[in-house]
Amino acid sequence: MPTLAQLESSYRVCYQLTYFMLQPVHLICIDNRTRNLYIIAGNTEELEFQIAPNGEVF
């Protein structure tokens with residue numbers, strides 16, 4: 001389960017991707033080892049984001 005900080009950051013990232021950049025989001029999942037949330041997006045899945053449990057986006 002994502003943390004509240006991860007949920008807030010993922011909403012912000014997905015909003016910017018879909019409404020401003022017009023890019024589709026393909027996958028959102030959490031790595032059980034690191035607890036990071038991963039987002040894969042883009043027309044050819046070239047955009048990758050990691051969100052740490054504290055909400056920091058990489």
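Modeller: A salt bridge, as the term is used here, is a side-chain nitrogen of Lys or Arg within 4 Å of a carboxyl oxygen of Asp or Glu. This is a predicted model, in which local features need pLDDT of at least 70 and side-chain atom pairs count only at pLDDT 80 or more, while totals for chains, interfaces and linings use all residues. Residues are numbered from 1 along each chain as its sequence is written, and side-chain values use heavy atoms, with hydrogens and water left out.

Colleague: By this rule, how many salt bridges does the count come to?

Modeller: Side chains of opposite charge can pair when their charged atoms come close. Arg33 forms a salt bridge with Asp31, and the closest N and O atoms of these residues are 3.0 Å apart. By the rule given above, the count comes to 1 salt bridge.

Colleague: To how many disulfides does the count come?

Modeller: A disulfide is a pair of cysteine sulfur atoms within 2.5 Å. The sulfur of Cys14, a residue that counts as buried at 16% relative accessibility, is 12 Å from the closest cysteine sulfur, in Cys29, too far for a bond. Cys29 is partly exposed, with a relative accessible area of 33%, and its closest cysteine sulfur is that of Cys14, again too far for a bond at 12 Å. The count therefore comes to this value under the 2.5 Å rule: 0 disulfides.

Colleague: How many aromatic pairs does the structure hold?

Modeller: A pair of aromatic rings is described by the distance of the centres and the angle of the planes. Rings of Phe, Tyr and Trp (its six-membered ring) pair if their centres lie within 6.5 Å, and planes under 30 degrees apart count as stacked, over 60 as edge-to-face and the rest as tilted. Counted in this way, the structure holds 3 aromatic pairs.

Colleague: How are the rings of Tyr11 and Tyr15 arranged as a pair?

Modeller: The centres of these two rings are 6.2 Å apart and their planes stand at 25°, so the pair of Tyr11 and Tyr15 is stacked. Helices (H or I, at least four residues) and strands (E, at least two) are DSSP runs, numbered from the N terminus. Both residues lie in helix α1 (residues 4-20), 4 residues apart, which is about one turn of the helix. For the arrangement of the Tyr11 and Tyr15 rings, the word is stacked.

Colleague: With which residue does Tyr15 form an edge-to-face pair?

Modeller: Tyr11 is exposed at 59%, whereas Tyr15 counts as partly exposed at 35% relative accessibility. The edge-to-face pair of Tyr15 has a distance of 5.7 Å centre to centre and an angle of 75° between the planes, and its partner is Phe20.

Colleague: Which residues of β2 are on its uncovered face?

Modeller: In a regular strand the side chains alternate between the two faces of the sheet. The covered face of β2 has Leu37, Ile39 and Ala41, and the uncovered face has Tyr38 and Ile40.

Colleague: In which direction do β2 and β3 run relative to each other, parallel or antiparallel?

Modeller: Two strands pair if DSSP finds at least two bridges between them, and 5 bridges join β2 to β3. Tyr38 stands opposite Gln50 in β3, and the hairpin has 5 residues between the strands, with Gly42 in the turn at a positive phi of about 105°. The direction of β2 and β3 is antiparallel.

Colleague: How far does the backbone oxygen of Gly55 lie from a polar atom of the side chain of Ser9?

Modeller: Ser9 is found in helix α1, and with a relative accessible area of 4% it is buried. Contact means heavy atoms within 4.5 Å, and, leaving aside neighbours within four places in sequence, Ser9 is in contact with Ile51, Gly55 and Val57. From the backbone oxygen of Gly55 to a polar atom of the Ser9 side chain, the distance is 2.6 Å.

Notes. Buried < 20%, exposed > 50% of the residue type's maximum accessible area, 1.4 Å probe, protein only. Polar contact = N/O pair within 3.5 Å; in protein donor to acceptor, adjacent residues only side chain to side chain.
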